[in-house]
Amino acid sequence: MTLKYDPTLKYAETDEWARAEGDIVVVGISDYAQDALSDIVYVELPEVGDEVSAGDAVATVESVKAASDILTPVSGEIVEVNEALDDAPEVINEDPYGAWIFKVKASDLSELDKLMDAAAYEAFNATREH
Amino acid sequence: MRYIPHTEAERRSMMEVIGIQDIDELFADVPADVRYPQLDLPQPMTEMEVMRELDMMAAENANLREFASFLGAGAYNHFVPAIVDTVISRGEFYTAYTPYQPEISQGTLQAAFEYQSMVAALTGMEVVNASHYDGATAVAEAAIMAVNVLRHKRRTIVVSPSLHPQYRQVLRTYTQGMEMKIVGDELDGNDFHALIDLCDKDTALVIVQNPDFLGQLHTPQEMQDLADAVHAKGALLAVATDPIALGLLKPPGDYGADIVTAEGHVLGNSVSFGGPYLGIFAFRKKYVRKSSGRLVGETIDVDGKKGYVLTLSTREQHIRREKATSNICSNQALNALAAAAYLAAMGKHGLRKVAELSWHKAHYAAQQIAQLDGYEVVGDKPFFKEFVVKCPRPVAEINQYLLEEYGIIGGYDLSQEYPGLGDAMLLCVTEMNAREEIDDLVTALGEAAAPMIRLEVTL
């Protein structure tokens, strides 16, 4: 199965994707990440109102194989979390680019510039060992 | 689990791979003069001689088979039925190893699952782990778990001064470097109200003991009120308890505890200096992902057959490494098995009987001692199997008299940890203490009240 890359998103080396909607940044994990984790059984969400800095581990995605920290690519305040994941964490496996995890009101949108575009992220993944 | 040593051929092939000729080359970095130090050891002995030597050393102890004991304070002399040792001595069970591989460990895993299930019923909690080292480390794990549950936003632990003093010490050493603040036990007199007043926006957990270290019982209503007040402050409540007492008393799960810990050795594990003991750790299901230690779960395999596995092990250090919920993932498998065998053998009614006998005998002893000149039973609260007695002389002197004149191991000397109580001892009475022993204790205490007159007898 080939992995999907959404060209409208930005990607971190730690496999989060991000999309800016005004000054709100929506964050999820890539198809590569959900595929590597396999069946996701639990997502620990951050709390709305949390002040976060770029690079902080703010959520955890737990699969039958591992539990991985999800880092926020931008600094700011958590303004919304995807509570639907509490009951249905598997939607991340089914639709990784639709199943967002949290939204950050970014204090500095230029932090997004440090992320890769889809083509660069795809090339980056090609260099990684499976 | 099997242990198969390497063969000479295997050793040789490994040495070839790493390019050495001799095993000694592995120790080349150790300075030659300390590599094989001269050990000043006695001459070797035959097995017979070793047995005799060890018997003689053991005979220097006052042991619980030959001496009447009224010493408790965290380690309790309860009866262990013979079936417990029979079960745990089976070769299939007799290992300290954790069952990482479900495919070869179904029996061990099932035993752990049954231990967890019975302790869950006993404590009134939803989840029980496969055990911690002892009651003290279980308390420390409760603190770590509460801080994790509250996402490290709260880091203060409020502990009751009537939580076992050694548990409080272990809590402090165990959590060093975790940036926790531990308060509440500065004053011996800090009661529940004082503890609640100490709770603030940084309080993650309140830890109390019931029955407490001094034997006193807090009623379910007092405990529920405490739980409600602690929860209203946004913190969790941990209750350290005595599993034997739960044969008779309402379980902490019924009065709002979020975490329940206990020293579990009383369930089928004998009293021994330094353990191994058994850390009971139970909690609410909603905190399961922040819990420490192993959890054994029941599941169904591809053929629909029942099987047992380690559940939620992604929390643990062999997978999550430094981000594990706890870096203690070992458990006391054999001790937990003994507890399971004990609980199964005693049953609900048997455990209740043990608790009732302990309660009645302790109250008989307290009643008799209260009538002695110079002694006073302290405290206005109900108690279970332990109570504090104010003594007319230093406890060490009284205990020496009891031991030398009556072969009685006296109570725990509280003067170090609770100096405010003066010359006070914590006495413990269990189902193991015969009526005659209690009467002897009362007589001996009465005699010991007067300063000893030492008679020099010249033969």
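This is a predicted model: local features need pLDDT of at least 70, side-chain atom pairs count only at pLDDT 80 or more; totals for chains, interfaces and linings use all residues.
Residues are numbered from 1 along each chain as its sequence is written, and chains are lettered from A in the order in which they are written. Local features need pLDDT of at least 70, side-chain atom pairs count only at pLDDT 80 or more, and totals for chains, interfaces and linings use all residues.

Five residues of chain A contact five residues of chain B (C-beta atoms, placed from the backbone, within 7 Å). On the chain A side, three are nonpolar, none polar and two charged (nonpolar: Ala, Val, Leu, Ile, Met, Phe, Trp, Tyr, Cys and Pro; charged: Asp, Glu, Lys and Arg; polar: the others, Gly among them).

Helix α13 of chain B covers residues 435–449 (helices are DSSP runs of H or I, at least four residues; strands are runs of E, at least two; both are numbered from the N terminus). Its buried residues include B:Ile438, B:Leu441 and B:Leu445 (buried: 20 or more other C-beta atoms within 10 Å of its own; exposed: 12 or fewer; partly exposed: in between; C-beta atoms are placed from the backbone).

The largest nonpolar core has 118 residues (buried Ala, Val, Leu, Ile, Met, Phe, Trp, Tyr and Cys joined through C-beta atoms within 7 Å). Helix α11(B) gives the largest share, 19 residues. A second, separate core of 29 residues includes A:Tyr11 and A:Trp100.

Conventions
Two residues are in contact if their C-beta atoms, placed from the backbone, lie within 7 Å. The expected span of a helix is 1.5 Å times one less than its number of residues.
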